Structure formats: C-alpha cells, structure tokens
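This briefing concerns the pockets of one protein model and the ligand that accompanies it. Please keep the structure in view while reading the points that follow.

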Amino acid sequence: MTHRIGIIGGDGIGPDVIAEGLKVIGAAGVELEAVDYDLGGARYGRDGTVLPDEVIEEWRSLDALYLGAVGTPEVPPGLIERGLLLKMRFALDLYVNLRPFVYPAGGIDFRVVRENTEGAYAGEGGFLRRGTPHEIATQGSVNTRHGVERVIRYSFDLAMASRRHLTLVHKTNVLTFSGDLWDRTFNEVAAEYPDVETAYNHVDAACIYFVQSPERYDVIVTDNLFGDILTDLGGAVSGGIGLASSANLNPERTGPSMFEPVHGSAPDIAGQGLANPKAAILSGAMMLDFLGESEAAASIQRACADPTTDVEGTTAIGDAVAALVS
Ligand code: IPM
Ligand code: MN
C-alpha cells in the first residue's frame, strides 16, 4: 500500500533532514508517494505566498504531512511560524502534539501530550492606545471544555497503552480559571480510567523534575504554551533537540496528521551538512506508526538508538540509519 504524503522541506536545515528521513523510510521498505510543497520563508521571500487556503484543501486528501522546519532570518519573525505552522495545526485540527522523549542513559522514557489548537496560541488579545505612554497589551489564553477534554482523553488512552501513569502539568495555583477547567476535566475523565494512576505537577516544579527525576513520568498532558516550553527542556535533557521528534495528530483521522522535528530551521548551520537528521527520521517513524507501518517504525527507532549511527554529518547519519533498517 502506497501512502500519499505531502512534503514540506521548508527552510534552512529542513530540506536536508527531510531528505534523510525519506531515504530511511525508503530503506525500511515503505512506499510513499511524495507530493512536494514549496513553502516557508524562502517561498515567501520570492512571491509573498505563505499558505493559501487552496493548498490546505488539497492536503485534506493526503494520508499525512512531513515537515522539516520553516522560518528564515530575512522574513519578519513569527510571520511564517503563525501563517504556516500554526495555521496548519488549527485548520487541520491537529489537536494533539505528541512529543516522545526516550533516553535510557538518563532514565528518560516519557511522552508529552501538548494541546495544540488553543491556549495562548489562539491569538486572543489586543492593544489599546498602542504606542502611547498608556499603552495596554493583553494576550489571553483560550481554553474550551471541548478542547481540554479531548486532549485529556487522548492522554488517558495513551497512558493505558503505556505504563498507565498520567501527569497533568499546569499552574493551577496562579492560573485559577484555566487551571480550574483543566484540573476539573482531568479529574472527571480520570474517574473513567481507574487503571491509570494520576499525578499533578505545577509547571515550574515539572522543570526541576525533568532534570532531577524524569523517571517519575510516563505520559504528561499540558496546555499549548507550557507544552512548547517543556518539550524544549525535554529535548535538552534527553540527548539534545537534534533527537526530539513530534507528531501533530488528528486522532479521529478526519484529515492528515503532520509530523515534524521539534527543532527549527537553524539558519546558522544550514547547508553545511552538520544538522542531526535523527529528529526528522524519528518523526518519520512516528508517521509510519500512525499509518499502520508499525514494524518499519520500530526498526527505524531501534536503528536510531544504535551506537553505530552516532556518526558525524547529516547524510552520514542518514546512511548509517538506512543501512540498519534495510
Ligand atoms: C514548536 C515551535 C513552534 C511553537 C513555533 C515555531 C511557532 O516552537 O513547534 O515547538 O511554538 O509551537
Ligand atoms: Mn517550540
């Protein structure tokens, strides 16, 4: 069975790491029909295109999207990130951002489920009297019962398939409104999952535990902004951001899900063959797993953990992983 995948290499190191991911997927024997999309900062610089609605409509018939990284220093900061990446997550309702961290040397084997369509990312807020001495800026966090409940339910299901432990991370002592909604919803859903042991950590404490006692975690569920920050820390304590993979999921499969490394376009090292493609390769494995190719996915994950693939250079790493899965 051939899977139709939209490929957005993007900017900087993005196209290079995605090329290695596609090489490894091919070596693992999975057939993809790749549909290329030239999008990102470079494309914007050429003709002002960010992400047309027609492209999103075209994507709805694909099996998945595989994205490298977007953003270039020449483009106003945030324009491509919001106009492409966030637009994609929102329009395709990719409400689960799943980021696994596995690093046996550090006692780490946990997954963060980051809510991916709401919170501080929803764009609520505005200015009053902008540019005056009495300027006011507000930036709200949008938390709906529907949005919170569905990502919590996904996390309980994931915990059931894992070590049956789920931690809610928030800041309920200060964020009394959104925190209350998250906490109540978490506890209500927990009652339906008596076999899952639950815990709660404030986000600042979770930062300490990520460094000092990460073995306490199995599945973590948190909001969009806390999840963004925590997963960079997760990468840093589990072998570096060069290994951090992610899946932006539409669990109901009413459209394509999107798979991307957690890292950015790293323009400072682009085109030098220095980027570690493992985060992209492992994101490719998550994509295969979601598409039902679980054997190929597992073999890619094993290969990435094999010491023989700890070599220097983007293509050399890709070749070493490909050699082990073929
Ligand atoms: C990520 C990134 C994005 C985010 C940026 C590029 C908008 O940091 O995927 O973690 O904040 O979600
Ligand atoms: Mn981030």
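**Pockets and ligand in a predicted model**

Sorted by class, the residues that line the largest pocket comprise 21 nonpolar, seven polar and seven charged ones. The model is a predicted one.

**The largest pocket**

- The volume of the largest pocket is about 920 Å³.
- Its lining consists of 35 residues, of which Pro100, Val102, Ser245, Leu282 and Gln301 are the closest to the centre of the pocket.
- Several elements each contribute at least two residues to this lining: the strands β4 (96-103), β5 (108-115) and β11 (245-249), together with the helices α5 (145-160), α9 (278-290) and α10 (294-305).

**The second largest pocket**

- The second largest pocket holds about 600 Å³ of space.
- There are 27 residues in the lining of the second largest pocket, and those closest to its centre are Glu81, Leu85, Arg89, Tyr121 and Asp228.
- Two or more lining residues come from each of β3 (64-69), α4, α8 (224-237) and β12 (257-261).
- Helix α4 provides the largest share of this lining, namely six residues.
- In terms of class, the lining of the second largest pocket contains twelve nonpolar, seven polar and eight charged residues.

**The shell around ligand 1**

- In the case of Arg89, a polar side-chain atom is 2.7 Å from an oxygen atom of ligand 1.
- For Arg114, the distance between a polar side-chain atom and an oxygen atom of the ligand is 2.8 Å.
- The side chain of Arg99 has an N or O atom that lies 2.9 Å from an oxygen atom of ligand 1.
- How much of the area that ligand 1 exposes when taken alone does the protein bury? Taken alone, the ligand exposes 320 Å², and the protein buries 75% of that area.

Methods:
Residues numbered from 1 in each chain as written. Chains lettered and ligands numbered in written order. Predicted model: local features only at pLDDT ≥ 70, side-chain atom pairs only at ≥ 80, totals over all residues. Heavy atoms only, no water. Polar contact = N/O pair within 3.5 Å; in protein donor to acceptor, adjacent residues only side chain to side chain. Areas by Shrake-Rupley, 256 points an atom, 1.4 Å probe, with all protein chains shown as cover. 1 Å grid on protein atoms, 1.4 Å probe; cavity = no way out; pocket = protein on both sides within 12 Å on 5 of 7 lines; lining within 4 Å. Points joined across faces, edges and corners; volume = space filled by probe spheres on them. Helix = DSSP H or I, 4+ residues; strand = E, 2+ residues; numbered from the N terminus. Nonpolar A, V, L, I, M, F, W, Y, C, P; charged D, E, K, R; others polar.
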